[in-house]
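I opened the model to look up a few things. My notes follow in the order I took them.

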Amino acid sequence: MNEIYFPSCNFTKASLESAKRIRAYLKERMPVAGCCRVEKLTYPQGSTALYFCQACRETLEKRAPGQFTLENLFVYLADDPAFPWPDYSGLTVTVQDCWRDREHPEIFTAVRTALEKMQVSVVEMEENRENSVYCGTLHFEPRLPENMVLLAAEDSHAISHLPEEIQAKLMREQVEKFPCELAVTYCNRCTAGIHMTGGKGVHLMELATGTYDR
């Protein structure tokens, strides 16, 4: 099977050291592509494109429909016997599942398998897996009446285009649902939304590459 790794430009900007570590690991095993938006995609038909950014998946689906088998990188790593998972024994987290992955249950399972391999305990929130209503400022379905009214009043705008104080108010509602102070994300948008409120969020790739300092 021909596999190609598509790194996330947004994750690289946010977590350069983590991005370098996973790139170095995968580069020994397969080609590493450039940005999914401009990459020439000159790879054999039927190759497997490994991604961990939801935006990369959406871009590849649009740019090269049918050319690749798309596989989430955490699904791949969960089955990789050689991957050197760090040990975070004693760490307890909540998983913030991404709304954009609601039709990809294999990702929900792989994320939790990865955490288990790192000895991380998970306390689930009610809106988990396919029940997630959250993808940072890209998508959020508020439950608090005042936030429902607030969002309805701004209905002609994407959340990310609203004034920052309104974005932060909406994101704060989500953070307050977490049963644990620290939330593990696997989506750049989800991570940014949590950080916007001052909440504690860590991308799963930072845990997997050992760059998270607890």
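I call a residue buried under 20% relative accessible area, exposed over 50% and partly exposed in between (1.4 Å probe, protein chains only). I take helices (H or I, at least four residues) and strands (E, at least two) as DSSP runs, numbered from the N terminus. The model is predicted: local features need pLDDT of at least 70, side-chain atom pairs count only at pLDDT 80 or more, and totals for chains, interfaces and linings use all residues. Residues are numbered from 1 along each chain as its sequence is written, and side-chain values use heavy atoms, with hydrogens and water left out.

**Entry: helix α3**

I looked up the buried residues of α3 and found Gln54, Cys56, Arg57, Thr59 and Leu60. They pack against β2, β3 and α5 (105-117); contact means heavy atoms within 4.5 Å.

I then traced the chain around this helix. β2, α3 (residues 54-63) and β3 form a β-α-β unit, and it is right-handed. That means that, with the strands pointing away from the viewer, the path from the first strand over the helix to the second runs clockwise. β2 (residues 47-51) and β3 (residues 68-72) pair in parallel over five bridges; I count a pair if DSSP finds at least two bridges. Thr48 has Thr69 in β3 as its bridge partner.

**Entry: the open sheet**

Which order do the four strands of the open sheet take? I read β5-β4-β8-β9, with parallel pairing. β5 (121-122) and β9 (200-203) are at the edges with a single partner strand each, so one side of each has no neighbour in the sheet. β4 (residues 92-95) and β8 (residues 182-185) are joined by two bridges. Thr94 is bridged to Ala183 in β8.

**Entry: Asp97**

Is Asp97 buried or exposed? Asp97 is buried, and its relative accessible area is 0%. It sits in the loop between β4 and α5. Beyond its neighbours within four places in sequence, Asp97 contacts Phe108, Arg112, Asn128, Arg129, Ser132, Tyr134 and Tyr186.

**Entry: largest pocket**

I used a 1 Å grid over the protein atoms alone; a pocket is an open set of points where a 1.4 Å probe fits, with protein on both sides within 12 Å along at least five of seven lines, and lining residues have an atom within 4 Å of a point. The largest pocket has 15 lining residues, with Asn10, Ala55, Arg100, Asn188 and Arg189 nearest its centre. α8 gives the largest share of the lining, five residues. α3 and α8 (188-196) each supply at least two.
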